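Let us read this model feature by feature.

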Amino acid sequence: MPARTDRPHRRRAPNVVFAAMGLTHGDAATVRDILERRSSAAELTLLLNLADDPVIERLLTPRIALTVAEHLAFVLRRHVLVVLADMTNYCEALREVSAARGEIPARRAYPGYLYSDLASIHERCGRIRGRSGSITVLPVLSMPAGDITHPVPDLTGYITEGQILLAREVTSYPHIDPLSSLSRMMRAGVGAGRTRPEHLDLAAQIQAGLSRARQAGELADLVGESALSPIDRRYLAMAEAFRTRLLAQRPDEARTLEETFDRAWDVVSTLPRSELPMLGEEALEAGYRGEP
């Protein structure tokens, strides 16, 4: 039956394809409960591979998920988010199959083709010229023993266009470590005509301030905060303002871009104006809220 054209256009929510690999039964039940609302709206495709399922199914799960996403995006012309979790479990399965085949192992007994295998999954995303659909892939992985140099996070970092690192040391929600997270595509999507002219400079200034605050915090652990210079204490205050005002966000809290910029300026304004060399005079005149 042909679609009616006299109805007002309503923007569809993006479809989500969630592929879970190596989950316990308890975790699988939690995933179902959390995604129940989106599933009832027919916007979710859920693939669950449990820890006691055959290993070969774990290797097929992300590829089936991406095939479904490609149909939704490039045949049905929808915007699709593909979440792959946990890719570390996938790589463990790949190592197990490789060992069973008698293949020569490489780093930490993972097969030598681990990089190309991960690339064949992570790079199945983007758009096709002339079609309106798109695929965004969000792989989730855990770092064994918190080791970021482990082959799985290390190779994933070379393939993907950015990483968000969640750290136990960050007490506020979400538990994002800003100094270890990065985006290789940010520069192409921000600035004048897209967000705000000072976006890049403001982000760089906050990063620099957080780096200085981390150094001050490490020194305070040795000699005590009272022994720090006044400017070092200002940097610690800036880091605390960043954590409570900008980073912390409730799961049900929605912020506009303008509100986010307002909070970012509140954070940098805890520092003296002389400590903000990355921001131009025009931007400081418009956004700085601290003491002259």
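Q: How much accessible surface does the protein have?
A: About 17600 Å², and 54% of that belongs to carbon and sulfur atoms. Areas follow the Shrake-Rupley method with a 1.4 Å probe; for residues, only the protein chains shown count as cover. This is a predicted model: local features need pLDDT of at least 70, side-chain atom pairs pLDDT 80 or more, while totals for chains, interfaces and linings use all residues. Numbering starts from 1 along each chain as its sequence is written, and side-chain values use heavy atoms, without hydrogens or water.

Q: What share of the residues is buried?
A: Buried means under 20% relative accessible area, exposed over 50%, partly exposed in between (1.4 Å probe, protein chains only). Here 37% of the 292 residues are buried.

Q: How many disulfides does the structure hold?
A: A disulfide is a covalent bond between the sulfur atoms of two cysteines. The cut-off is a sulfur pair within 2.5 Å. The structure holds 0. Cysteine 91 is in none; its nearest cysteine sulfur, in cysteine 125, is 17 Å away.

Q: Which residues form a nonpolar patch on the surface?
A: Ile56, Leu60 and Ile64, with about 270 Å² of accessible area together. Leucine 60 lies in helix H3, residues 55-74. Leucine 60 counts as partly exposed because its relative accessible area is 45%.

Notes. Patch = residues over 30% accessible without salt bridge, like charges linked within 9 Å, V, L, I, M, F, W, Y side chains within 5 Å. Salt bridge = Lys/Arg side-chain N within 4 Å of Asp/Glu carboxyl O. Helix = DSSP H or I, 4+ residues; strand = E, 2+ residues; numbered from the N terminus.
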